[in-house]
Amino acid sequence: MHAVPREYQACVAFTQHFKRGLRYYGESPGVLMNTAFDILCKPAPREQLEPEVRHEILETQGYACALCGNDELLQVDHKVPLRLGGANS
């Protein structure tokens, strides 16, 4: 037989206020908070450009990245990755 955890009411109240797909299954508050943290850390879905807008941007940029000049990737929103060890490495 299963027992109701003493934190049950607090955990249920938290999930009701969280409103981002968090469900409570009787786990400890620590596990519940970790799950909530994981949900909050997920990146938001990216908006997709309409093909016509993407083509217009690429044409304006000369079919190359506006930041680094790469003309092989053909990514409108290409960003130069961060380098480890400081700006001069």
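Modeller: In this predicted model, a salt bridge is a side-chain nitrogen of Lys or Arg within 4 Å of a carboxyl oxygen of Asp or Glu. By this rule the count is one.

Colleague: What makes the contact of Arg 6 and Glu 7 a salt bridge?

Modeller: The N to O distance between their side chains is 3.4 Å, and the rule asks for a separation within 4 Å, so the pair qualifies.

Colleague: Why is Arg 6 called exposed?

Modeller: Its relative accessibility is 81%, and exposed means over 50%, so the term applies. Glu 7, at 27%, is partly exposed.

Colleague: How do you know that the buried residues of helix 1 line one face?

Modeller: The buried residues of helix 1 (residues 8-18) are Cys 11, Val 12, Thr 15 and Phe 18. Seen down the helix axis, they fall within an arc of 125°, so they line one face. These residues pack against helix 2 (29-41), whereas the face turned away from them carries the exposed residues Gln 9, Ala 10, Gln 16 and His 17.

Colleague: Why is the aromatic pair of Tyr 8 and Tyr 24 called tilted?

Modeller: This is one of two aromatic pairs in the structure. The planes of Tyr 8 and Tyr 24 stand at 50°; under 30 degrees would count as stacked and over 60 as edge-to-face, so the pair is tilted. The centres lie 5.8 Å apart, and the pairing rule asks for centres within 6.5 Å.

Colleague: What makes Tyr 24 buried?

Modeller: Its relative accessibility is 15%, and buried means under 20%, so Tyr 24 counts as buried.

Terms used: Residues are numbered from 1 along each chain as its sequence is written. This is a predicted model: local features need pLDDT of at least 70, side-chain atom pairs count only at pLDDT 80 or more; totals for chains, interfaces and linings use all residues. Side-chain values use heavy atoms; hydrogens and water are left out. Buried means under 20% relative accessible area, exposed over 50%, partly exposed in between (1.4 Å probe, protein chains only). Helices (H or I, at least four residues) and strands (E, at least two) are DSSP runs, numbered from the N terminus. The arc is that of the directions from the helix axis to the C-beta atoms. Contact means heavy atoms within 4.5 Å. Rings of Phe, Tyr and Trp (its six-membered ring) pair if their centres lie within 6.5 Å; planes under 30 degrees apart count as stacked, over 60 as edge-to-face and the rest as tilted.
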